[in-house]
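Hi,

Here is the structure I promised to pass on. Have a look at it first, and my notes on what I found follow below.

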Amino acid sequence: MNKALEANIPAITTGGIYPGVSNVMAAELVRTAKLESEGELERLRFYYYTAGTGGAGPTILATSFLLLGEDVIAYNKGEKIKLTPYSGMLSIDFGMGIGKKDVYLLNLPEVKSVHEVLGVPTVSARFGTDPFFWNWGMIAMRNLLPQEFLRDRSKVQQLVQLFDPVVRAVDGTAGEAVSMRVDLECSDGHNRIGIFSHKRLSRSVGISTAAFVLAILEGSTKPGVWFPEEPEGIAVEAREVLLQRASEGTINFILNKAPWMVETNPKELGFGIYS
């Protein structure tokens, strides 16, 4: 931050699809809720789904394995809590084109930044993939491999090389779809969601990253290093344009809609208090 300020350089960290676009979606849900709701912000939840590796291959595979070695940091009524990675499964409806998918707790940076920047007391993030047996494999690895192994990048890379041929073969049938759902709940029952779905993760990530680059080039970011949800990162008045650009090619993009627009409610299995 200090070096960027001294050099008068604007910069955004976590500026991709998730985290990135999901942060801006959360910021817009919170901003609108403060205008429309008389209640207090209560809970914000990030749900992510990627079919196979989304075409990213070893990159997303290595990231997923490394995250299994980290305790999940979440927030419950303002209190920082630690939870087991790839636990607390929920079945979430990602809406048109994606449907219901199982998602699991993971340690993702937007949880802390959104809690601190947007002031939401309860925040968590979950991720899931297809085919379903990859989720089972992730749970098995979490249970069988020590955390020290999963935190060792060189060992994880060897693991990735071992699984990569199988994963690529399955990717051919699983596809590359990606979906994000962000849920915000307020104390007066004002609940709103956002959904972002695209048939190709690899393309959507590029479009989303380009949207952030354009925002910076157009002067929407102040000198320093910022998270996307900070007004100094992406100015409030620039969020709508960024989301319009990032959603190019999506099969479903909605924001600030009531949950009934998605057919079913999440079914909670364990860790319900922190879901």
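Let me start with the aromatics: there are six aromatic pairs in this structure, which, as a heads-up, is a predicted model. One of the pairs is Y18 with Y48, a stacked arrangement with 4.1 Å centre to centre and 15° between the planes. This pair ties together distant parts of the chain, as Y18 sits in the loop between β1 (10-12) and α2 while Y48 belongs to strand β2 (residues 41-51), 30 residues apart. Y18 counts as buried because its relative accessibility is 17%, under the 20% cut-off. Y48 is buried too, with a relative accessible area of 0%. Another of the pairs is F132 with W136, and that one is edge-to-face: 4.8 Å centre to centre and 70° between the planes. Both of its residues, F132 and W136, are in helix α5 (residues 132-144), four residues apart, or about one turn of the helix. F132 has a relative accessible area of 48%, so it is partly exposed, and W136, at 56%, is exposed. Back at Y18 and Y48, ring pairs also bring in F46, linking Y18, F46 and Y48 into a cluster.

Y18 turns up again in the backbone. A cis peptide bond joins Y18 to P19, with omega about -5°, and P19 is in the loop between β1 and α2. A cis peptide bond also joins D130 and P131, with omega about -5°; P131 is in the loop between β7 (122-130) and α5. You'll know the background: most residues other than glycine have a negative phi, and most peptide bonds are trans. On the phi side, K77 is not a glycine but has a positive phi of about 55°. K77 is in the loop between β3 (72-76) and β4 (79-83), and it counts as exposed because its relative accessibility is 72%. N256 likewise has a positive phi, near 60°, without being a glycine. N256 lies in strand β11 (residues 252-257) and is partly exposed, at 22% relative accessibility.

For the overall picture, the protein chain has nine helices and twelve strands. Of its 275 residues, 52% count as buried. Among contacts in the chain with a separation of 6 or more, 75% are between residues 24 or more positions apart.

Now the helix packing, where I looked at α2 against two partners. How do α2 and α9 cross? The axes of helix α2 (residues 21-36) and helix α9 (residues 239-246) come within 11 Å and cross at roughly 135°. That angle makes α2 oblique to α9, and the crossing is left-handed. On the α2 side the contact involves V21, V24, M25, A27, E28 and R31, which meet R239, L242, L243 and A246 of α9. By class, that contact has seven nonpolar, no polar and three charged residues.

The other partner is helix α4 (residues 109-118), which packs with α2 at an angle of about 30°, with the axes 11 Å apart. Angles under 35 degrees count as roughly parallel, and therefore α2 and α4 are roughly parallel to each other. Here α2 passes α4 in a right-handed crossing. S22, N23, A26, A27, V30 and K34 of α2 meet E110, S113, V114 and L118 of α4. By class, the contact of α2 with α4 has five nonpolar, three polar and two charged residues. Note that A27 of α2 is listed in the contact with α9 and in the contact with α4.

Two other spots to look at while you have the model open. L67 is in helix α3 (residues 58-67) and counts as buried, at 12% relative accessibility. Leaving out residues up to four places away in sequence, L67 touches P85, L106, N107 and L108. P146 is in the loop between α5 and α6 (147-150), and it is partly exposed, with a relative accessible area of 44%. The C-alpha atoms of P146 and L68 are separated by 9.8 Å, and the two residues are 78 residues apart along the chain.

Cheers

Conventions: Residues are numbered from 1 along each chain as its sequence is written. This is a predicted model: local features need pLDDT of at least 70, side-chain atom pairs count only at pLDDT 80 or more; totals for chains, interfaces and linings use all residues. Side-chain values use heavy atoms; hydrogens and water are left out. Axes are lines fitted to C-alpha atoms, for helices over the stretch in contact, and angles run from 0 to 180 degrees between N-to-C directions. Helices (H or I, at least four residues) and strands (E, at least two) are DSSP runs, numbered from the N terminus. Angles under 35 degrees count as roughly parallel, over 145 as roughly antiparallel, 65 to 115 as roughly perpendicular and the rest as oblique. A crossing is left-handed if the near helix is turned anticlockwise from the far one by less than a right angle, and right-handed if clockwise. Contact means heavy atoms within 4.5 Å. Ala, Val, Leu, Ile, Met, Phe, Trp, Tyr, Cys and Pro count as nonpolar, Asp, Glu, Lys and Arg as charged, and the others, Gly among them, as polar. Buried means under 20% relative accessible area, exposed over 50%, partly exposed in between (1.4 Å probe, protein chains only). Rings of Phe, Tyr and Trp (its six-membered ring) pair if their centres lie within 6.5 Å; planes under 30 degrees apart count as stacked, over 60 as edge-to-face and the rest as tilted.
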